[in-house]
Amino acid sequence: MGLFDTHAHLYDKAFDRDRKEVIHHIFETLDYVVIPSEDLVTSEKAVALAESHPSLYAAVGIHPQVTKDATEEALAAIAALARTHDKVKAVGEIGLDYYYLYTDKETQKYWFARQIELAKELDLPILIHDRDAHGDTLSILKAHQGGNLRGILHCFSGSLETAKELMKLGFYISFAGPVVFPKSLKLKEVAKEIPMDRLLIETDSPYLTPPPFRGKRNDPSNVRFVAEEIARLKGVSAEEIAEQTKRNAMEVYGIEE
C-alpha cells in the first residue's frame with residue numbers, strides 16, 4: 001500500500017533509544033511521513049530529521065499548549081527555517097486546545113491567527129490542532145479565509161457539520177488512531193461521510209496507538225490500521241484508501257514523486 005502518515009512526532013523522546021531503527025522500519029511499508037512541530041526547538045529537530053531521509057518532511061510552528069511562551073523572535077526563527085529548507089512543507093501544528101488550558105484562550109487565539117498569517121505569507125498549508133475548541137477554530141479560519149489559506153485539520157474529533165464547514169474553506173480532514181477505537185462510534189460515522197478527495201490518515205505518533213497495539217508506543221507503521229478501518233467504514237479496499245490519501249497528502253503538502 002502507498003501509505004502516507006501526515007502527522008508523526010518522530011523527534012519525541014519516546015523514540016530516543018531506537019529512532020534510526022524505527023525510521024528504517026517505517027519505510028518498509030510507508031512512502032512518506034510528515035513531522036509536525038511544537039515550538040522552535042522541535043521545529044529545528046523536525047527539519048534535521050526530515051533532511052536525514054528522502055521520504056521524511058517537516059512542518060514548523062508553535063503548538064497552542066505552549067503559546068504562553070511564544071515570542072516574535074521565536075516565530076521569526078521558525079519562519080527562517082521554512083524559507084531556507086525545502087523539506088519544510090507546512091506551518092504546524094498550530095491551533096487551539098481548550099482541554100488542558102496550559103495557555104489562556106486569548107493568547108492561544110492570538111498566536112493561532114498570527115501563524116495563519118505567516119503560513120499565507122510563506123504560501124504553505126497549516127496543520128491545525130483543535131481540541132474542545134471547534135467553534136473558535138472555525139471562526140478564526142473564516143476570518144482569515146481566502147487567498148492561499150489551506151491545510152489539514154489533524155486528528156479530527158468534531159462533527160460532520162464542522163467537517164463540512166472546514167472543507168468549504170479548502171481543508172482536508174485527517175483521522176488518527178481514535179477512529180479505530182471500538183467506542184468511537186460518532187467519529188466512525190464522520191469518517192464514513194468524508195469525501196475521498198478530502199480524506200487523510202495519520203498516527204500522531206507516539207500517541208493514540210490504534211488497536212491491536214493500544215497501550216504501546218505508536219509509530220507511523222500503524223497508519224495502516226487507520227486506512228483499514230476507514231476502508232471498512234466506506235466499503236472499499238484498504239489499498240484504495242491508502243492510494244487516495246497519499247494523493248491527497250502530496251497535493252496539500254506540495255510534494256512531487
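**Sheet and helices in a predicted model**

His134, Leu138, Leu141 and Lys142 of helix 5 meet Thr162, Glu165 and Leu166 of helix 6. The model is a predicted one.

Reader: How many nonpolar residues does the contact of helix 5 with helix 6 have?

Author: On the helix 5 side the contact has His134, Leu138, Leu141 and Lys142, and on the helix 6 side Thr162, Glu165 and Leu166. Two of the residues in this contact are polar and two are charged. The number of nonpolar residues is three.

Reader: Are helix 5 and helix 6 roughly parallel or roughly antiparallel?

Author: The axes of helix 5 (residues 134-143) and helix 6 (residues 160-168) come within 11 Å. They cross at roughly 15°, and angles under 35 degrees count as roughly parallel. Therefore helix 5 and helix 6 are roughly parallel.

Reader: Does helix 4 pass helix 5 in a right-handed or a left-handed crossing?

Author: Helix 4 and helix 5 pack with their axes 10 Å apart, at an angle of about 35°. Helix 4 contributes Lys109, Phe112, Ala113 and Ile116 to the contact, and helix 5 contributes Asp136, Thr137, Ile140 and Leu141. By class, these are five nonpolar, one polar and two charged residues. The crossing of helix 4 with helix 5 is right-handed.

Reader: Is His144 buried or exposed?

Author: His144 is in the loop between helix 5 and strand 6. Beyond its neighbours within four places in sequence, His144 touches Ala113, Ile116, Glu117, Lys120 and Leu149. Its relative accessible area is 16%, and the cut-off for buried is under 20%. His144 is therefore buried.

Reader: Which residue in strand 7 stands opposite Ile152?

Author: Strand 6 (residues 151-153) pairs with strand 7 (residues 171-175) in the parallel sense. Three bridges make up this pairing. Opposite Ile152 stands Tyr172.

Reader: How many residues of strand 4 are buried?

Author: Strand 4 runs parallel to strand 3 (residues 56-60), joined by three bridges, and Ala59 has Ala90 in strand 4 as its bridge partner. Five bridges join strand 4 to strand 5, also in parallel, and the bridge partner of Val91 in strand 5 is Ile126. Strand 4 is largely enclosed by the rest of the structure, because the residues buried number ten of the ten.

Reader: How far apart in space are Asp39 and Asp69, C-alpha to C-alpha?

Author: Asp39 is in the loop between strand 2 and helix 2 (40-50), and is partly exposed, with a relative accessible area of 29%. Leaving aside neighbours within four places in sequence, Asp39 is in contact with Gly61, Ile62 and Ile78. Asp39 and Asp69 are 30 residues apart in sequence. In space, C-alpha to C-alpha, they are apart by 9.2 Å.

Terms used
Residues are numbered from 1 along each chain as its sequence is written. This is a predicted model: local features need pLDDT of at least 70, side-chain atom pairs count only at pLDDT 80 or more; totals for chains, interfaces and linings use all residues. Side-chain values use heavy atoms; hydrogens and water are left out. Two strands pair if DSSP finds at least two bridges between them. Helices (H or I, at least four residues) and strands (E, at least two) are DSSP runs, numbered from the N terminus. Axes are lines fitted to C-alpha atoms, for helices over the stretch in contact, and angles run from 0 to 180 degrees between N-to-C directions. Angles under 35 degrees count as roughly parallel, over 145 as roughly antiparallel, 65 to 115 as roughly perpendicular and the rest as oblique. Contact means heavy atoms within 4.5 Å. Ala, Val, Leu, Ile, Met, Phe, Trp, Tyr, Cys and Pro count as nonpolar, Asp, Glu, Lys and Arg as charged, and the others, Gly among them, as polar. Buried means under 20% relative accessible area, exposed over 50%, partly exposed in between (1.4 Å probe, protein chains only). A crossing is left-handed if the near helix is turned anticlockwise from the far one by less than a right angle, and right-handed if clockwise.
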